[in-house]
Amino acid sequence: VVNTLTAWGWSEVVCRRPGACWGEPVPDGGGVAPWHQEVVRSPADVGRALDAITAAVAGAGHTRKDAFAVRLALEEAIVNAHKHGHREDWGVPIAVRYWVGAGVVAQVEDQGPGFDPGQVPDPTAPENLERSTGRGLLLMRAYMTLVCHSRRGNCVCLCRDRPLAAPGAPVPPGGRP
Amino acid sequence: MTSRRRAYKYLVVGEGGPVTQVRLAGGRVRLNEWVTHEVAGELADLVGGTESHVLLLDLGNVEYLTSTTLGWLVGLHTRLRSAGRHLALSRPQPQVREVIEATCLDRLLDVRPALG
């Protein structure tokens, strides 16, 4: 997954289990589960999109913990797209694409100028604990196996495979067994 | 003294001396981006209308929260602290505690396993 995304020009690839993902996340045919797409233009659309992906995750046999993680990470990504990408303008649609199979891949794309995730301060640093920035991105990274951004920074890709240790748990060198 | 207490849609309030206990109305509460804003508005009103030293927010029926919720809780903590008051969070469900710990806010916020 990391190699594929890197080849596509995605940056800031943060994988909690390097080399241990389930396979290529581009199942365009060959009898593999299809991608779904939602267009988000309102808070109600956000709820509908999150309900749909949560149901798909549960329906594919993933755990409630997986469903919680995917819902949380996806809501954080959509809210970031709305707040920062579109300056809270619901007139600009947000595209949400997802694929649920042995793992889950979701992409959230806004039409804003993008951002550099490397410039987001670490919200867990003692001096930043009371600041409001960066926690959404932190939660995405804590709850998903892999989080990466397009080069422009207006599209985030979230991947989760299973099993995954608890968020915040240290990753041993070389990834988990 | 006339109570300023209003009827709340999202909060259930029990006041006892120096501690104001608050829980979220309903069975299973999902504090998403938009519900958080509603709850925050009601709680700001409550905080302004009471003088108790401690605000004890019972999270026992909260099954989901986001970074917006956490940001609001941090802001509330800071505001109360600057007024010489205190915010305590009690009974978080395991997945809620996990979110708080993933953001290291258990180092900042007073999170208690039980009421009291």
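**Reading a contact between two chains**

Modeller: Please keep in mind that this is a predicted model.

Biologist: How many salt bridges are counted between chain A and chain B?

Modeller: A salt bridge requires the nitrogen and the carboxyl oxygen to lie within 4 Å. Between chain A and chain B the count is four salt bridges. There are also nine residue pairs in polar contact, both residues being at pLDDT 80 or more.

Biologist: Which helices of chain A each supply at least two residues of the side that touches chain B?

Modeller: They are helix 2 (43–59), helix 3 (64–85) and helix 4 of chain A. Helix 3 of chain A gives the largest share, nine residues. Sorted by class, this side of chain A has 13 nonpolar, two polar and nine charged residues.

Biologist: How much area do chain A and chain B bury between them?

Modeller: The value is about 2,100 Å², and 61% of it is on carbon and sulfur atoms. Chain A brings 24 residues to the contact, and chain B brings 25 residues.

Biologist: At what angle do helix 4 of chain A and helix 3 of chain B pack?

Modeller: Helix 4 (residues 135–143) of chain A and helix 3 (residues 94–102) of chain B pack at about 115 degrees, and their axes are 10 Å apart. The crossing is right-handed. From helix 4 of chain A come A:Leu138, A:Leu139, A:Ala142 and A:Tyr143, which meet B:Gln95, B:Glu98, B:Val99 and B:Ala102 in helix 3 of chain B. By class, this helix contact has six nonpolar, one polar and one charged residues.

Definitions and conventions. Residues numbered from 1 in each chain as written. Chains lettered and ligands numbered in written order. Predicted model: local features only at pLDDT ≥ 70, side-chain atom pairs only at ≥ 80, totals over all residues. Heavy atoms only, no water. Axes fitted to C-alpha atoms, helices over the stretch in contact; angles between N-to-C directions. Helix = DSSP H or I, 4+ residues; strand = E, 2+ residues; numbered from the N terminus. Left-handed = near helix turned anticlockwise from the far one by under 90°. Contact = heavy atoms within 4.5 Å. Nonpolar A, V, L, I, M, F, W, Y, C, P; charged D, E, K, R; others polar. Buried area = accessible area lost by both parts, 1.4 Å probe. Salt bridge = Lys/Arg side-chain N within 4 Å of Asp/Glu carboxyl O. Polar contact = N/O pair within 3.5 Å; in protein donor to acceptor, adjacent residues only side chain to side chain.
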